[in-house]
Amino acid sequence: MKFRRATALLLAGIMVAGLTACGETKKESNQGEKGKKEKLVIWSWGADEEKKSRENMVEAFQKAHPEIEVEHSVIPTADHVWDQKMTAALSAGTGPDVIQMSPDYYGLYTEYYEDLTPYVEKEGVDLDSVITEGMLDPYYRPDGKLEAMPLLENVFVLAYNKDMFDEFNVEYPTADWTWDDLAEAAKKFAGGEGADATYGLVNHWIDAPLSILVKGGNAYSEDLKTCEVNSEEVKAGLDLFGDLVQSKAIPDDTAAKGLPKEQLFVSGHAAMYTLGGFETKLIAEEVGENFEWDAVPMPKVENGKNNLMYATGYAMLNTSEHKDAAWTFLKEAAYANEDMAKETAAIGLPACKNIAETYYKDLSYGPIKNSYFLEGLDGAKLNIWGGAFAAAGDVYTQIWQSVTIDGKSAEEAMEEYYPALEKAFNEANGN
């Protein structure tokens with residue numbers, strides 16, 4: 001992928017002298033008729049702190065570009081509101097100029113997105129020098145198309161309740177822990193009944209995709225063409241989580257519904273929590289002075305990824321009639337406007353490399369430093385079952401539930417459901 005970008009830069013010629021780095025906002029004239037502002041329509045998604053961050057970011061853009069009239073909508077994702085509005089607009093050709101997206105769509109909507117490679121070439125910018133390391137590659141399609149620009153990413157760390165570890169006489173987690181170490185420790189916290197029950201680890205929505213990785217497995221090949229779920233490594237990961245649930249080190253489905261994962265941790269009923277960068281501020285506020293806590297990197301995985309990455313960016317629709325203004329927004333949201341990047345840093349690791357490695361890195365919430373998440377990017381796997389692979393992911397959920405709820409072995413679950421998963425995966429690839 002880096003070879004492809006290097007080739008694009010070579011074709012662009014020697015233009016690096018015009019590089020626009022973080023904070024060096026380059027104002028461009030986007031006015032059509034004299035005295036008339038060009039209108040830029042932007043769609044974002046989000047709620048609560050995420051919505052606030054999006055709005056503040058766009059306000060920073062408007063402040064830097066009074067010559068552009070911006071119409072910005074933040075659409076909720078709950079109850080499929082975003083999905084329905086987005087797909088209807090794309091199909092009808094009535095979408096905005098700029099639309100939020102995620103690279104974990106795996107090309108599902110790429111036909112609607114403008115290829116940004118010519119814009120990067122014209123800009124003469126070395127994206128690797130201005131975008132946080134590891135964040136750009138997912139936005140390139142296998143054919144070389146740059147379908148969007150990154151905005152932010154979030155990964156996870158392992159947070160732990162020091163008071164519970166002390167009470168149960170268990171040694172604190174370390175950066176050298178493996179998932180076997182975590183499982184062994186987690187079982188030591190299992191005890192009690194009902195409201196008095198204690199657990200080693202919360203029941204988290206990332207557990208199912210994590211089970212693919214924890215023993216070195218993969219869902220599919222790097223070129224996205226070959227399904228690899230039915231492997232011994234993935235089965236071992238499923239059995240590890242199945243054992244944790246059966247031993248009550250992780251709450252089962254019924255217990256988890258009684259007390260949400262974050263409340264399980266902040267109330268002192270679960271010793272460990274797979275903490276996302278997007279929720280650190282909220283969790284820190286809820287923990288308050290209730291107990292001492294800290295975090296370490298996610299457990300090590302031999303010969304594989306040890307973290308999950310959830311990413312989002314902005315694309316320019318190829319139906320846009322204001323592409324210069326749209327590109328100005330895209331590049332500034334990604335790397336060229338530090339004020340925008342600081343607003344983004346409130347809810348995740350920003351794409352702007354300078355802000356990520358200074359302002360964002362220096363923030364902390366309670367004892368949790370944002371530097372933990374910056375370090376967690378190394379070895380992170382993009383959300384596995386997004387977009388084009390959602391149907392295959394639904395079948396994997398059935399496999400997961402068969403192991404963690406019904407108590408079947410991974411081998412039994414795979415035998416029952418893998419043919420349907422492979423079929424859905426192949427259909428996503430047009431096979």
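What is the volume of the second largest pocket? About 810 Å³. This is a predicted model: local features need pLDDT of at least 70, side-chain atom pairs count only at pLDDT 80 or more, and totals for chains, interfaces and linings use all residues. Residues are numbered from 1 along each chain as its sequence is written, and side-chain values use heavy atoms, without hydrogens and water.

Terms for the pocket. On a 1 Å grid over the protein atoms alone, a pocket is an open set of points with protein on both sides within 12 Å along at least five of seven lines; a 1.4 Å probe fits at the points, and lining residues have an atom within 4 Å of one. Volume is the space filled by probe spheres set on the points, which are joined across faces, edges and corners.

Now the lining. It has 27 residues, and G134, D137, P138, E222 and L382 are the closest to the centre. Strand β13 gives the most, 3 residues. Strands are DSSP E runs of at least two residues, helices H or I runs of at least four, numbered from the N terminus. α15 (353-360) also supplies at least two.

On to the core. The largest nonpolar core has 144 residues. Its members are buried Ala, Val, Leu, Ile, Met, Phe, Trp, Tyr and Cys, joined through side-chain atoms within 4.5 Å; buried means under 20% relative accessible area (1.4 Å probe, protein chains only). L127, F329 and W385 touch the most other members. Helix α13 (residues 323-336) contributes the largest share, 9 residues. Contact means heavy atoms within 4.5 Å. Beyond four places in sequence, W385 touches residues including I212, Y220 and L421.

Methods: Buried means under 20% relative accessible area, exposed over 50%, partly exposed in between (1.4 Å probe, protein chains only).
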